[in-house]
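Below is a short briefing for someone meeting this structure for the first time.

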Amino acid sequence: MKRTAVALAASALLLPLSACGGSAEAGGGSTVTVTVGYQSKTINTVTAGTLLRSLGYFEKRLNALHDGKTYKVDWQDYATGAPITAQMTAGKIDIGSMGDFPLLINAARGKQLGRPTHLVSVTGYNLRGGLNTVVVAPKSMLTSLNGLKGKKVSTSVGSAADGTLVRALQRAGIDPDKGVEKLNQQPAVGASALSAGSADALSQFVAWPGLLTYQGKAKALYDGAQLNLPTFHGVTAREDFAEQRPAVLEAFLKAQAEATDYLNAHPVAAAEKVAKATGLPAEVVYLYNGAHGIATFDPAVKPQLVSALEQDVSVLKAAKLTGDIDVHSFVDDQYVKKALGAGYARRLAAGPPAAASEVWPNGATKTRSFTSPGRLLAYVARHRNGIRAAYVPDATTGTLWFADKAVWVADGERLLPFVAPATAQAYVAGHSGAQVITYTDALGRAS
């Protein structure tokens, strides 16, 4: 997530700090309102937002405190992380969730405006960076990042998707400032610009690339996992709130862990719940949040993710969005360690599940996994009218993608899927006899 267009909310970040805090007490101090900022459609944050809210775990935890207070949770839904940061620095939001680049801006603004915040847990992550994707229109002739030189590219400046774009262009030998015309747009605006032809490409975060691809409004040009740099979303809390109400923050983190366990144990049901709450297709939610989805959910603050934050600072500084940021003083895992107790070490050591191909049959409450993309294709070929969605991992990055939207390569009897055409072509170039084929041809070969 979810990753934000910070520049669009720059003025909002300077709101006066004299506003009432989110944890206002009324009625002689008997009622406490805890304000949580979340992004319902940034589905990589659902364990601290959409899914957590629908399950009611946080409210149950607060009711179990029995400290003489009556708690009310005010859930505030935003499209990006920037307004959440603005409200936190104004003292109006206590706990918020957002992507890694916006988290850094949250840290910088909090310190700048005298409302320090801290990263207290993680929601979803991808160790290679697969949560961000560059897409183009379905009929675009572009097949690699090299073709973007001199083109218009929509992204949200200050978001992780923008960071992916900058790094990917640099690796392709294109100046990210002068080599393309960057359009600083909210995700929905950028999606419209891509459809209208006023943008040649769109670099965005979960769930926009998958959604547009699923709808037939875009196709992948660049898989962010090619960077092999971790990206994630996390939970940030105001320092004063955490110090004044540690039991409340602990209750939130315990509830988040419960929501995480629910998602991991019931991925299809979780996807359906999130879809119902957001209006997103459940098939798209599952692409990211499923059993072998692009995102792995775990509240533990892993060292790899902290290291990634440190590397991200230079990108934000180059864009003049922040100055130096002391990442280690921003990260504070004491609360989540206490909340999870002995189980924290196990979560910290856990990693993503092994890549697998999955089919979601019509009417099913569970998916079917396959040991190879070829076996999935064989199943799909036999049940062409009974498939709700089929997913396959990229042969080089492991990023899950829709089987019918993937770029397929035949290498002898092997059928290999890729998210983007450039990676497929790179494989073909290195394997004599391999060739790019259509999805229909791949089905035919597998049947």
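**Briefing**

Eleven aromatic pairs are present in the structure, where rings of Phe, Tyr and Trp (its six-membered ring) pair if their centres lie within 6.5 Å, and planes under 30 degrees apart count as stacked, over 60 as edge-to-face and the rest as tilted. This is a predicted model, in which local features need pLDDT of at least 70, side-chain atom pairs count only at pLDDT 80 or more, and totals for chains, interfaces and linings use all residues. Residues are numbered from 1 along each chain as its sequence is written, and side-chain values use heavy atoms, with hydrogens and water left out.

**Aromatic rings**

- Tyr38 and Trp75 form an edge-to-face pair, because their ring centres are 5.7 Å apart and their planes stand at 90°.
- This pair links distant parts of the chain, 37 residues apart: Tyr38 belongs to strand β2 (residues 31–38) and Trp75 to strand β3 (residues 70–77). Helices (H or I, at least four residues) and strands (E, at least two) are DSSP runs, numbered from the N terminus.
- Tyr38 counts as buried at 5% relative accessibility; buried means under 20% relative accessible area, exposed over 50% and partly exposed in between (1.4 Å probe, protein chains only).
- Trp75, at 9% relative accessibility, counts as buried.
- Phe58 and Trp75 also pair edge-to-face, with 6.5 Å centre to centre and 85° between the planes.
- A cluster linked by ring pairs holds Tyr214, Tyr286, Trp360, Tyr391, Trp401 and Phe402.

**Strand β11**

- Eight of the eight residues of strand β11 (residues 231–238) are buried, so the strand is largely enclosed by the rest of the structure.
- Strand β4 (residues 95–99) pairs with β11 in the antiparallel sense over five bridges; two strands pair if DSSP finds at least two bridges between them.
- Met98 has Gly234 in β11 as its bridge partner.
- Strand β5 (residues 117–126) runs antiparallel to β11 and is joined to it by seven bridges.
- The bridge partner of Thr117 in β11 is Arg238.

**Open sheet**

- Five strands form an open sheet in the order β8-β7-β9-β6-β10, with mixed pairing.
- β8 (181–184) and β10 (219–223) stand at the edges with a single partner strand each, so one side of each is left without a neighbour in the sheet.
- Strand β6 (residues 132–136) pairs with β10 in the antiparallel sense over four bridges.
- Thr133 stands opposite Asp223 in β10.
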